[in-house]
Amino acid sequence: MPVKNNLNAPHALLSGDEALAQGAYEAGVKVAASYPGTPATEILEYMSKFDEVDCQWSVNEKVAYEVAYSSAVAGVRAIFSAKHVGLNVAMDSIMTSAYTGINAGFVVVTCDEPGLHSSQNEQDNRLLAKMAKLPLIEPSSPSEAKEFVKKAFEISEKFDTPVILRLTTRIAHTKENVLVEKRQEQAKKHYRPCFEKYVMVPKNAGARHAELEKRLARLKKYSGSSSLNAVEMGDKKIGFITSGVSYLYAKEMYPGASFLKLGMSYPFPEEKVRDFVKKVKTVYVIEELEPFIEEQCKIAGIKIKTKDESFRVGELRPEHIPLIVAGDKKKHTEKLSRKPVLCPGCSHRPVFWVLNKLKLNVAGDIGCYTLGASAPLSALHTCLCMGSGDTILEGFTKVLGRNVVGVMGDSTFVHSGITGLINLAYNKTNTVLIILDNSTTGMTGSQPHPATGITIKGERTKKLVLEDICRAAGADNVDVIDPFKIKELEFLIKKRTGEDKLSVIISRYPCRLVERRKSSAPLFLMDKCKKCGLCLKLDCPSIKKEDDGSVSIDAVTCVGCNLCVDVCPFGAILKND
Ligand SMILES: Cc1ncc(C[n+]2csc(CCOP(=O)(O)OP(=O)(O)O)c2C)c(N)n1
């Protein structure tokens, strides 16, 4: 049931991410750690405005998790947030932290991305909660995100466990008028060193595992009686068991039906579900992605109607619900309407232009630069997960030889690329890694990272020097180059790929969205244009093909990087300064 607001009290229009952060703030959270990732980024960004909360962009999600977890163990409420794949990076610590438990409240937020608007997969982290044996809370709206995170802190402390709270994109980014309340400061809990609880050597871990199973049984009882799992009786002929945003969709399409809304879907409130199913003639499970509720019902022998397997892929939409009710066998897949493209003046473009020209095999990674994969640049050939640009480079070099390079962004290199470079050096692999350093985490909206020397609160801090760390990792050559010097760039890449050395080329030019640098658009000389189409192969959104085969340059969006001036072989595009 959506939270009822008293509209005379102060309200703010908040997204699900912001409302969740507001709720955690009101719950007295003291430490918040995260690494950027859509759709979770705004949680920490919103939190960072509060002086009472020690906030950090950590180097990666594993680091963030451990910083937040250890703060909770030491006695203050803490929160970790990440996009769904971020939990994979933290999973090693998540699994064992379920054994140790915490001390003060600890909430682990996962923002999943059904429909993969900007992700490399659409994994359903409800399954990770079950695998880690951690309680799972699923709000359906921003106002619930605010209320449920408070509840999550209470559950965490009552049962001495990290609690996973899951949003999906549509809740994280939807805005609602949300009640804003006062912060409740929490007294610091006493930290007592405890070998049996916090030192997970096999003997202690075995005992803690047994403890975890007992805790799960207690949590199951709680879930069965908790108001988080709410029954709304309506028409007894048709009912829905559902959670998260799927609840809103089902409610929109069948407002008069009966509902069992699972706000705490793990441990599974089996008896409550059984009871609900007894009272309603036909019950459908409505859920996005994996058959998480469905399988738990089936294991318990509870009779329900379920969706066709085709609905496991992509986002669920309100109009899908009647199809599921009708037993439709095929979900219609949607296609992206617009091809994503590098911004005008993006410093990654000249690098991909050169890599395409040199016909190299390019091991890629995740960031704005992944857009170098699509035609006509077509110069990035893999994208698996963050930090794989230099490890995939290693395999490619072993098998494909010397005509390969790896590319990764500066934030990605710091996140999980450094270890791959050390591995290349340690295992004597001579190859070329290009770090695309635009001095920001561009893809997720320009967050600072250690190599920018700025914290989330905008303060100056120790700056990680990429050249130094590459040398220390074992690179034989480290070159820094301005990628807009395109001829020098081509010469350097040819030179380094021709040597039997481990080389790092740092292509350094700040992101235009951060620096807001803009010069005049170049001049286009119609009479000199031979309509060869070479400038169009830059895939610059400011260069448009006209009906007669010539081109035009949009002076409004062009930032004057002059790359097209350099690539035109006929002098038809002139610098304008
Ligand atoms: C494990 C994981 N965490 C976070 C993300 C979200 N994400 C995608 S790319 C990226 C980093 C982009 O920054 P950078 O490497 O500097 O490249 P840029 O986008 O600036 O070109 C992030 C944080 C992700 N895909 N996977």
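This is a predicted model: local features need pLDDT of at least 70, side-chain atom pairs count only at pLDDT 80 or more; totals for chains, interfaces and linings use all residues.
## A chat about loops, strands and a ligand shell

Visitor: Let's start with D160: how many C-beta neighbours does D160 have inside 10 Å?

Guide: D160 has 15 C-beta neighbours inside 10 Å, so it counts as partly exposed. For the cut-offs, a residue is buried if 20 or more other C-beta atoms lie within 10 Å of its own, exposed if 12 or fewer, and partly exposed in between, with C-beta atoms placed from the backbone.

Visitor: Which other residue has a positive phi without being a glycine?

Guide: S378 has one, with phi near 45°. S378 sits in the loop between β14 and α15. With 15 other C-beta atoms within 10 Å, S378 is partly exposed. As background, most residues other than glycine have a negative phi, and most peptide bonds are trans.

Visitor: And cis peptides? Where are P39 and P376?

Guide: P39 is in the loop between β2 and α2 (41–47), and a cis bond links T38 to P39 with omega about 5°. P376 belongs to the loop between β14 and α15 (389–400). There, a cis bond links A375 to P376, with omega about 10°.

Visitor: Changing topic: how is the chain divided into domains?

Guide: There is domain 1 (11–225), domain 2 (229–325), domain 3 (349–515) and domain 4 (523–574). These bounds come from an automatic or database domain assignment. The C-alpha centres of domain 2 and domain 3 are 46 Å apart.

Visitor: What's the order of strands in that open sheet of 5 strands?

Guide: The order is β14-β15-β16-β18-β17, with parallel pairing. The edges are β14 (361–363) and β17 (477–481), each of which pairs on one side only. Neighbouring strands of this sheet are turned by 25° against each other on average, direction ignored. Those axes are lines fitted to C-alpha atoms (for helices over the stretch in contact), with angles from 0 to 180 degrees between N-to-C directions.

Visitor: Tell me about β16. Buried or exposed?

Guide: Buried: 6 of the 6 residues of β16 (residues 432–437) are buried. V432, I434 and L436 point one way, and L433, I435 and D437 point the other way.

Visitor: Which strands does β16 pair with?

Guide: Strand β15 (residues 404–409) runs parallel to β16, joined by 5 bridges, and V405 has V432 as its bridge partner. From β15 the chain crosses through helix α16 (residues 410–426) to β16 in a right-handed β-α-β crossover. Strand β18 (residues 503–508) pairs with β16 in the parallel sense over 6 bridges, with V504 as the partner of L433. Two strands pair if DSSP finds at least two bridges between them, and a crossover is right-handed if, with the strands pointing away from the viewer, the path from the first strand over the helix to the second runs clockwise.

Visitor: How about β4? Why is it largely enclosed?

Guide: Strand β4 (residues 78–83) is largely enclosed by the rest of the structure because 6 of its 6 residues are buried. Strand β2 (residues 31–34) pairs with β4 in the parallel sense over 4 bridges. Strand β5 (residues 106–112) also pairs with β4 in the parallel sense, over 6 bridges. The chain goes from β4 through α4 to β5, again as a right-handed β-α-β crossover.

Visitor: Last one: which residues come nearest the ligand?

Guide: Of the 25 residues around the ligand, G367, G409, S411, T412 and G442 come nearest. A residue is near a molecule or strand if its C-beta atom, placed from the backbone, lies within 6 Å of it. α4 (84–100) and α16 each supply at least two residues of the shell, and domain 1 and domain 3 each give at least three. The shell divides into 10 nonpolar, 12 polar and 3 charged residues. Here Ala, Val, Leu, Ile, Met, Phe, Trp, Tyr, Cys and Pro count as nonpolar, Asp, Glu, Lys and Arg as charged, and the others, Gly among them, as polar.

Notes
Residues are numbered from 1 along each chain as its sequence is written.
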